[in-house]
Amino acid sequence: MIVGSADGKFLLKRRAEGKDVRSQVEFAHEVQKQLQEHGFPVAGLVDTIDGESFVEHDNRMYELFRFIHGKRFDKSNPAAAESGRILAHFHDILREFQHEPTIKRKSFHQGEQLFSVISEVNEVLKEYEPAEQLEGMIDTIAYLREQYEHAYREIESVGYSSLPTGIVHGDWHPGNTLYKDGEIIAVIDFDSLRISPRITDIANGSLQFSMRMGEVEEVDQWPDSFRGHTIQSMVQAYDQFTTLPIMESERTIFPSLMIEALIVESVIPIHKTGSFGRVRGSTFLRMVERKLNWLLPRKERVIQVIQPPMDDEDSF
């Protein structure tokens, strides 16, 4: 809800159920304040007159932010590079940030938990869609599981748990960045903060920023492909500005992490509700299958394009 006052516009946000655990909210607010102190572009929390950064009312949690006027990601290479630069700044600031051991660590690299969920998806879909809509869905789901298993094994083979780990945004996508004059002026939505290998943020962000989409009512007509130059611009800019360059082992598993993220971020909500937002679950999963079919033969190409640029190249 947008609130107007003599002091300007503000955004009043009610935390979603499941993302309103007090310790997690306090952690997110501490992180945002730390980022703001280092000049990182956040919207800015507004404290109550009692100095609290959130209010609890009727068992729900509310936050107030300064309203930021900005533009969305324009799909250009410079805008993608800016996203990589800001993400590097985010990770660098928080690399030594102290946190409680209770902060969640789960990511889309889930293993057995995901295998259990995906095996139940077809039964869930039967509760929401007629049989004719689900023709071939068993094969689609089996394919998604197979590709997730392959990706999971590849990621584990490089010692996933030993990769550079710290606080990650957890939901780095175009909808959570606001631009002005080519620069990101605000990163929003810190509800998914967690402790995870930083490469999960970079890979998922690259997936989200590079995905070719269309109208939500026409998911079955979305292009199969991703924007390769977006991936390249974002990752090379991250590498250019971070104080901890991306390791070769991280690059090796990059496309596998993209595959995991694509599958998990689709399957989990469909398993819960039978749909992906307003889109039928079966329609969305078929789109994921098509995009995987495009991405899988290009895994080595993805690894090639995210190598550091040559000295005479400019990521921007």
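**Entry 1: the loop between E3 and E4**

I began with Asn59, which sits in the loop between E3 and E4, where the names of helices (H or I, at least four residues) and strands (E, at least two) stand for DSSP runs numbered from the N terminus. I noted that Asn59 has a positive phi of about 65 degrees although it is not a glycine. Its relative accessibility is 77%, so Asn59 counts as exposed; the cut-offs are under 20% relative accessible area for buried, over 50% for exposed and partly exposed in between, with a 1.4 Å probe and protein chains only.

I then looked up Asp58, which is in the loop between strand E3 (55-57) and E4. Phi of Asp58 is also a positive value, near 50 degrees, in a residue other than glycine, and Asp58 is exposed, with a relative accessible area of 63%.

Before going further I wrote down that this is a predicted model, in which local features need pLDDT of at least 70 and side-chain atom pairs count only at pLDDT 80 or more, while totals for chains, interfaces and linings use all residues. Residues are numbered from 1 along each chain as its sequence is written, and side-chain values use heavy atoms, with hydrogens and water left out.

**Entry 2: helix H1**

I checked the length of helix H1 (residues 22-37): at 1.5 Å a residue its 16 residues should span 22 Å, and its end C-alpha atoms are 23 Å apart, which agrees. The expected span is 1.5 Å times one less than the number of residues in the helix. Which residues of H1 are buried? I found Gln24, Val25, Phe27, Ala28, His29, Val31, Gln32 and Leu35, and what covers them includes strand E4 (60-66), helix H2 (77-94) and strand E5 (165-168). H1 is followed by Gly39, whose phi is positive, near 80 degrees.

**Entry 3: Leu12 in E2**

I found Leu12 in strand E2 (residues 8-14), and at 30% relative accessibility Leu12 counts as partly exposed. Leaving aside its neighbours within four places in sequence, Leu12 is in contact (heavy atoms within 4.5 Å) with Met1, Val3, Tyr62, Glu63 and Leu64.

**Entry 4: H2 against H6**

I looked next at how H2 meets helix H6 (residues 198-210): their axes come within 11 Å and cross at roughly 160 degrees. The axes are lines fitted to C-alpha atoms, for helices over the stretch in contact, and the angles run from 0 to 180 degrees between N-to-C directions. That angle makes H2 roughly antiparallel to H6, given that angles under 35 degrees count as roughly parallel, over 145 as roughly antiparallel, 65 to 115 as roughly perpendicular and the rest as oblique. H2 passes H6 in a right-handed crossing; a crossing is left-handed if the near helix is turned anticlockwise from the far one by less than a right angle, and right-handed if clockwise.

In this contact, Ser83, Leu87, Phe90 and His91 of H2 meet Arg198, Asp201, Ile202 and Phe209 of H6. By class, I have four nonpolar, two polar and two charged residues, where Ala, Val, Leu, Ile, Met, Phe, Trp, Tyr, Cys and Pro count as nonpolar, Asp, Glu, Lys and Arg as charged, and the others, Gly among them, as polar.

I also picked out Ile199, a residue of helix H6. Is Ile199 buried or exposed? Ile199 is buried, with a relative accessible area of 0%. Ile199 and Pro164 are 35 residues apart in sequence, yet I find them 7.9 Å apart in space, C-alpha to C-alpha.

**Entry 5: H5 against H10**

For helix H5 (residues 137-156) and helix H10 (residues 281-295) I noted a packing angle of about 50 degrees, with the axes 10 Å apart, so H5 and H10 are oblique to each other. Their crossing is left-handed. Among the residues that make the contact are Met137 and Tyr143 of H5, with Leu285 and Val288 of H10. By class, the contact has seven nonpolar, three polar and two charged residues.

**Entry 6: H7 and Met247**

I closed with H7, which has 14 residues and reaches 20 Å from its first C-alpha to its last, close to the 20 Å expected. The buried residues of H7 pack against H2, H6, H8, helix H9 (254-273) and helix H11 (299-305). Met247 lies in the loop between helix H7 (228-241) and helix H8 (248-252), and Met247 is partly exposed, with a relative accessible area of 36%. Apart from its neighbours within four places in sequence, I found Met247 in contact with Pro164 and Arg198.
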